[in-house]
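Subject: Structure for you to look through

Dear colleague,

I am passing on a structure that I would like you to open and read alongside this message.

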Amino acid sequence: VCSSDLIEALTSFPLIGRIFHNYHRSKIVVNDHPNSSVTECFRAVRTNFQFFSEGGKKQVLLLTSSASGEGKTFCSMNLAAVFALNGHRTVLLEFDLRRPKIHQEFGSSNMIGISSYLIDKAIIEDIIMPTHIENLDLISAGPAAPNPAELINNDRTAEFLDKLKEMYDYIIIDSAPAGILTETFLLMKHADLNIFIVRMNATVKDVFRQTMKSFENNKISNISVLINDIDVKREGYRYGYDKNYYTDDHRRGFFARLFRSERKAS
């Protein structure tokens, strides 16, 4: 499995940020725990992307990983939320058409969505769903498609994204894992920046190396790596983590656990 040092040694692509382990039950930490260390990590990624943009209109970010279970959806939701909470009109696209999960986290329907638009069964206004987060809309995957790669590899995908660019400041794409499925490579050409998620002590080294090689072979250069799930108890000191500045559950100790147990008992 990959460690932080190994990740940086195995790729020439730049690092856009590091995300600390989430000690909260909430999946959308940025909205529910604005003073947590995880939220600050996502703010840093937002800032790094804005530096990357250099004043130009770069607004489409795609997130992928080598396999499922590496935090791609978690990072997509929180990155979208951190842009929205900064006052930017943001839309989150559930472009993992095979195994969509984001709509469940927002309590939204998946009866209509991206697949509906791509087969010309819906217009864009039909599929946009507001969320409980100000400035953040969601477009779910829609009904399961038997041929996601063919569906994505048509002119309506570019048309779809072009229309959204006129409506939103930022478009965040949660795609399928690039280490497994070909449709993600088809989507990557539409993104200003492709963010590859690597989960500490979970991502397999050989798979990571092979995926990085496939990016190079396919001449995909606009890639940055995001390291997810860093254990601040063990490695926080390496990244300037100071527990006095954050409200993370793991540092509250005995009295916080006692308070929670008393609250449950009552």
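What follows is a short account of the salt bridges and the nonpolar core.

Please bear in mind that this is a predicted model, in which local features need pLDDT of at least 70 and side-chain atom pairs count only at pLDDT 80 or more, while totals for chains, interfaces and linings use all residues. Residues are numbered from 1 along each chain as its sequence is written, and side-chain values use heavy atoms, with hydrogens and water left out.

The structure contains 12 salt bridges, a salt bridge being a side-chain nitrogen of Lys or Arg within 4 Å of a carboxyl oxygen of Asp or Glu. One of them joins K72 to D96, with 3.7 Å between the closest N and O atoms. Because K72 belongs to helix 4 (residues 72-84) and D96 to the loop between strand 3 (90-94) and helix 5 (102-105), this pair ties together parts that are 24 residues apart in sequence. (Helices, H or I with at least four residues, and strands, E with at least two, are DSSP runs numbered from the N terminus.) K72 is buried at 7% relative accessible area, and D96 is buried as well, at 8%; here buried means under 20% relative accessible area, exposed over 50%, and partly exposed in between, using a 1.4 Å probe and protein chains only.

A second pair to look up is D229 and R199, whose side chains meet in a salt bridge at 3.1 Å, N to O. D229 sits in strand 8 (residues 223-230) and R199 in strand 7 (residues 193-199), so parts that are 30 residues apart in sequence are tied together by this pair. D229 is buried, at 18%, whereas R199 is partly exposed, at 27%.

R209 and D206 also form a salt bridge, at 2.9 Å from N to O, and both lie in helix 11 (residues 205-217), three residues apart, about one turn of the helix. Elsewhere, salt bridges link D120, R156, E159 and K163 in a network.

Turning to the nonpolar core, the largest one has 79 residues, and L93, F95, F160 and F215 have the most contacts inside it. Its largest share, nine residues, comes from helix 4. Such a core is a set of buried Ala, Val, Leu, Ile, Met, Phe, Trp, Tyr and Cys residues joined through side-chain atoms within 4.5 Å.

With best wishes
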